[in-house]
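Here are my notes on the model, point by point. Please read them with the structure open.

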Amino acid sequence: MARAGLSPDAVVDIALRIIDEEGPAAVTLAAVAGRAGVATPSLYKHVRNLAELNDLVSARVMNELADRLREALLGRSGDQALRAFMHIYRDYAVANPGRYAAMSQAAPPEGGDQAKAARALVGIVVGALRAYGLEGADAIHATRCLRAAAHGFAVLETAGGFGLPVDLDDTYALLLNMITAGLPKPAPN
């Protein structure tokens, strides 16, 4: 019998608490079971193995990020939407370095929660790029560039990779200007 209150979502919640406190490497089935107050084999009623738990955690993080992006981009288009996307992406990664590191950067296999969450993230960016007239492969290329820029900057920032005493927000603003200058001009509303 499963412990009352324990479910796949509850197991992910516990894993995320561990990630927030100790980082992604601290997530083991034994650590999660210990926090849940159950024996490790009891977790198998809720997740098949650590790989599945990591996939569920990654999907949850992608969904958190997607929710924040949807809210920030609501009613915005063109450069304004693009800048909001870039700021929210960076802000999430910097404020939640463990969770962000736990988010898989590889293309997930089709059919799972992670694939659905990844499609949602891509859809948000592609939607923001419509104002630029980008569709199909062009929208995917631009989405990849935006992701690479936001991800790279945030990962370097959280790792302490920008050691020179120059304001990071100014650097990020320059990056955003460079990106928007490289895109076609948005169609007027």
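1. Helix 1 covers residues 8-22. Its 15 residues, at 1.5 Å a residue, should span 21 Å, and the end C-alpha atoms are 21 Å apart, so expectation and model agree. Bear in mind that this is a predicted model. After helix 1 comes glycine 23, with a positive phi near 100°.

2. Which residues of helix 1 are buried? They are Ala10, Val11, Val12, Ile14, Ala15, Leu16, Ile18 and Ile19. Their cover includes helix 2 (29-36), helix 3 (50-73) and helix 5.

3. The largest nonpolar core has 61 residues. Within this core, Val32, Leu53, Val57, Met86 and Leu129 touch the most other members. At least two core residues come from each of helix 1, helix 2, helix 3, helix 4, helix 5, helix 6 (113-129), helix 7 (136-158) and helix 8 (168-182). Helix 3 gives the largest share, 11 residues. As a general point, nonpolar side chains in soluble globular proteins tend to be buried together.

4. Take leucine 53 from that list of core residues. Setting aside neighbours within four places in sequence, leucine 53 contacts Val11, Val12, Ala15, Val27, Leu29, Val32 and Val47. Val11, Val12 and Ala15 are among the buried residues of helix 1.

5. Arginine 99 deserves a look. This residue lies in helix 5. Is arginine 99 buried or exposed? Its relative accessible area is 15%, and the cut-off for buried is under 20%, so arginine 99 counts as buried. Its side chain makes a polar contact of 2.6 Å with the side chain of glutamate 64. Beyond neighbours within four places in sequence, arginine 99 touches Leu16, Ile19, Asp20, Val61, Glu64 and Tyr92. Leu16 and Ile19 are buried residues of helix 1.

6. Now the aromatic rings. The count is four aromatic pairs. One of them joins tyrosine 89 and tyrosine 100, edge-to-face, at 5.7 Å centre to centre with 80° between the planes. Tyrosine 89 sits in helix 4 (residues 78-95) and tyrosine 100 in helix 5 (residues 97-102), so the pair ties together parts 11 residues apart in sequence. Tyrosine 89 is buried, at 4% relative accessible area. Tyrosine 100 is buried too, at 6%.

Terms used: Residues are numbered from 1 along each chain as its sequence is written. This is a predicted model: local features need pLDDT of at least 70, side-chain atom pairs count only at pLDDT 80 or more; totals for chains, interfaces and linings use all residues. Side-chain values use heavy atoms; hydrogens and water are left out. Rings of Phe, Tyr and Trp (its six-membered ring) pair if their centres lie within 6.5 Å; planes under 30 degrees apart count as stacked, over 60 as edge-to-face and the rest as tilted. Helices (H or I, at least four residues) and strands (E, at least two) are DSSP runs, numbered from the N terminus. Buried means under 20% relative accessible area, exposed over 50%, partly exposed in between (1.4 Å probe, protein chains only). A polar contact is a pair of N or O atoms within 3.5 Å; within protein, one must be able to donate a hydrogen and the other to accept it, and residues adjacent in sequence count only if both atoms are side-chain atoms. Contact means heavy atoms within 4.5 Å. The expected span of a helix is 1.5 Å times one less than its number of residues. A nonpolar core is a set of buried Ala, Val, Leu, Ile, Met, Phe, Trp, Tyr and Cys residues joined through side-chain atoms within 4.5 Å.
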